[in-house]
Amino acid sequence: MNFLYPLFLAGALAVVLPIVFHLIRRSSKDKVPFSTLRFLQPSPPRLTKKSRLEHLFLLLLRCLILVLLALAFARPYLEKALDVANTAENPQRNLILLDASASMRRASLWEQAQDALADQVNQIDSAALAAAYTFDHQLHPIITFEQWASAPQADRAIQIIRQAKQRQPSWKATHLGNALLTAVDLLEESTRIGEHSEDHQDWRIIVIGDLQAGMLLDGIQGFDWPKGCVVEFHPIQEDSGTNAGIHAIAQPSASSGLVENEGARVRISNAAGADRETFRYGWVTTPMSANVVSSTEIYLPPGKSRVVDVPETPPGFGPDLLKLVGDDHPFDNLAWRVPLRARESKVLFLGAPSQGDTTQPLYYLRKAFQQTRRHVVTIDVHPPDQPLLDDLLESARLIVIGAPLGQSVADQVARAIEAGTTALLALSDPALEPTLRTLARDPLLDLRPSQSQRYALLGEIDFQHPLFVPFADPRFSDFSKISFWKHYQMDFEGHERARTIARFDNGLAAITQVSQGMGSLFVCAFGWQPQQSQFALSTKFVPLLYAFLDFGAGVHEVNAHYHVGQEVDLSSLTAEGGLTIETPGGEAIAMGERQRFTETSQPGIYRIKTDPVIRFAVNLHPSESNTAPILEETLMGLGVPTAQTTGTEAPNPIVEEAQRKLKAAELESNQKVWKWIVLAALVIATLETLSAALISRRQGGAATLAGTR
């Protein structure tokens, strides 16, 4: 038997006290009145040679209580329960995880990992069960528990080693958190219900890999690990060489119909413990090219990273691939990049071509649609009473009506809305009523100025509508500071195609969407000029206009940058016969009905066969460049039940002692022997109380009998 807190055993020395008390002679309990007693001094009890122990059974009970209490505070446990025998009813389960992420492409790490796998497989007991998986961002089976159990015993190890030799590291990131949690699920699935209790299971998860500090550990902090589950880490180290990496910083989009916009940046990092500090980076035509164009030198100490601008490219040189030179491990020395492109959009304004007139809506429309990194907006101004060309209507993504339209022009705009165009009508003039009736296809629609004598505020907004979804965050949802001096009352009640998405605080509709065919007409019951409202001067004006511009436009775009293994959402893209994506290796993958592309298994430029072609870049995850070894204390701090590793380093006595204490505390917590000891002490204390009362009663009766005589 062992003790969790052995110092409390010193409390057993208190058994001396009842022995001393039993040896002390006490004064007689019989008192006889004596007239001169005040002239006598009391004589205290003393130990003499004639003192002898009385009531030995009572003394034994009192000593036993103290000893039991000392044992209970020492928290005893049985050491033999630490080891669980491998039997047919309770076989040990070993799940081997072999790191096959991108960082394992360094030098001879993969060969060393396969040798370590062979060593671990050969050490597995013949009565135990085993399975082996490679892992990067997820697990990939080499051999499952079922395959192990069904294979001949002599061929099990050979089968694992042979299949592992056929694998190669991927380009994905190392997600150890996912691997460990999935491994626990596999162990639970392999354990038959009722096979053995949770307190007696013996599970080993053996992790073989470079165990680099950049591993993703999401999910394991606070995880409730099953009892009897131990994780063993076997690090594979590559001591020679420096590892530095270059990584493209993600760009927002890579849209079709775009204008190229330069100014991208990259992040360069140098792993801790590196012996080089100076590198060069520049453009190359192919991954294996040694001719680096526009080479730039960078100084980077070990363990540091810097964000730098990409170098300029010579005329006619495609800026697709950046390369880092001066590193010993080239697996992360390439950064593929698709230049950020701004989407071209055309806005058709129907109204007076005023220049610099702050009383007209066109002035604020031009101020709002400035060129940005994501949008290049062109505003075409057309007189409201002259017929429109079909090409002008088809190229416009948003039609803004700023003046009453002629009947023929209004009919043209109404047909364009039904064909899928978005139109915006801001009611700044009562003369716009005929235009509103034509565009809304409602000849009975009534428009009249509000009779309110005070300014209005927006009181109710539908933040579920696509226009207002960007404002749903509480930081941006406050529209109460926008005052509307003049607004109109629109009677859309009962209109089956109308939807009010914003109301004033007086209950009147502020912004209404009228669906027509494939397009929509948005009607604002106010003008945005300062003479009518504060809307054009508010911070909500510009983002809301861009929301009108993007609404229902069917924008064909995907992100410009992804990591290896990341899914690509293609739901916004359409193509007759389905989409086809060309990988960097030249393979054409037909998507069919699928809307998510998951085959981003290698870095490079992918091409979506649309008109025009859309390109996006897939790069290595930046965490793979952090190849410094992770500290085992970090894993223990996350709660991973680690066992001593078998690496090349000498065992850490501090870590071993901490692990021993953790196992002892867990074992003592499961056994709870101290509860039975306390219960025994309570029973003995009750017996001692009864015995003392019985002895006291007998002595009192004897004294009374002697007095009567």
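The following is a working conversation about the predicted model shown above.

Biologist: Before we start, what are the ground rules for this model?
Modeller: Because it is a predicted model, local features need pLDDT of at least 70 and side-chain atom pairs count only at pLDDT 80 or more, while totals for chains, interfaces and linings use all residues. Residues are numbered from 1 along each chain as its sequence is written, and side-chain values use heavy atoms, with hydrogens and water left out.

Biologist: How many helices and strands are there?
Modeller: The protein has 14 helices and 35 strands. Both are DSSP runs numbered from the N terminus, helices being H or I with at least four residues and strands being E with at least two.

Biologist: And what share of the residues is buried?
Modeller: Of the 709 residues, 45% count as buried. Buried means under 20% relative accessible area, exposed means over 50%, and partly exposed lies in between, with a 1.4 Å probe and protein chains only.

Biologist: Turning to the nonpolar core, which residues have the most contacts inside the largest one?
Modeller: They are Leu365, Phe369, Ile399, Phe468, Leu521 and Trp528, in a core of 73 residues. Such a core is a set of buried Ala, Val, Leu, Ile, Met, Phe, Trp, Tyr and Cys residues joined through side-chain atoms within 4.5 Å.

Biologist: Which element supplies the largest share?
Modeller: Helix α11, residues 541-550, contributes seven residues to this core. Seven of the ten residues of α11 are buried, namely Phe541, Leu544, Leu545, Tyr546, Ala547, Phe548 and Leu549.

Biologist: What does Phe468 touch?
Modeller: Not counting residues up to four places away in sequence, Phe468 touches Ile461, Asp462, Phe463, Phe479, Ile501, Ala502, Ile511 and Leu544. Leu544 is also one of the buried residues of α11.

Biologist: What is in the second core?
Modeller: That separate core has 30 residues, including Leu176, Ala183, Ile220 and Phe233.

Biologist: Where does Ser520 sit, then?
Modeller: Ser520 lies in strand β26, residues 519-524, and is buried at a relative accessible area of 7%.

Biologist: Which side chain does the Ser520 side chain make a polar contact with?
Modeller: The partner is the side chain of Gln513, at 3.0 Å. A polar contact is a pair of N or O atoms within 3.5 Å; within protein, one must be able to donate a hydrogen and the other to accept it, and residues adjacent in sequence count only if both atoms are side-chain atoms. Leaving aside neighbours within four places in sequence, Ser520 is in contact with Gln513 and others, among them Ile417, Thr421 and Phe551.

Biologist: Let us move to the sheet containing β8; what is the strand order?
Modeller: The order is β8-β11-β14, an open sheet of three strands with antiparallel pairing. Strands β8 (244-248) and β14 (305-309) stand at the edges with a single partner each, so one side of each has no neighbour in the sheet. The twist averages 25° from one strand to the next.

Biologist: How many bridges join β8 to β11?
Modeller: Five bridges join β8 to β11, residues 265-270, and Ala248 stands opposite Val266. Two strands pair if DSSP finds at least two bridges between them.

Biologist: What do β4 and β5 form?
Modeller: They form a hairpin with three residues between them. Four bridges join β4 (residues 129-135) to β5 (residues 139-143) in an antiparallel manner, and Phe135 has Leu139 as its bridge partner.

Biologist: At what angle do α3 and α5 cross?
Modeller: The axes of α3 (residues 109-122) and α5 (residues 156-165) come within 10 Å and cross at roughly 170°. That makes α3 roughly antiparallel to α5, a label for angles over 145 degrees, whereas under 35 counts as roughly parallel, 65 to 115 as roughly perpendicular and the rest as oblique. Axes are lines fitted to C-alpha atoms, for helices over the stretch in contact, and angles run from 0 to 180 degrees between N-to-C directions.

Biologist: Lastly, is Leu211 buried or exposed?
Modeller: Leu211 is buried, at 7% relative accessibility. Its phi is near 45°, a positive value in a residue other than glycine.

How values were computed. Contact = heavy atoms within 4.5 Å.
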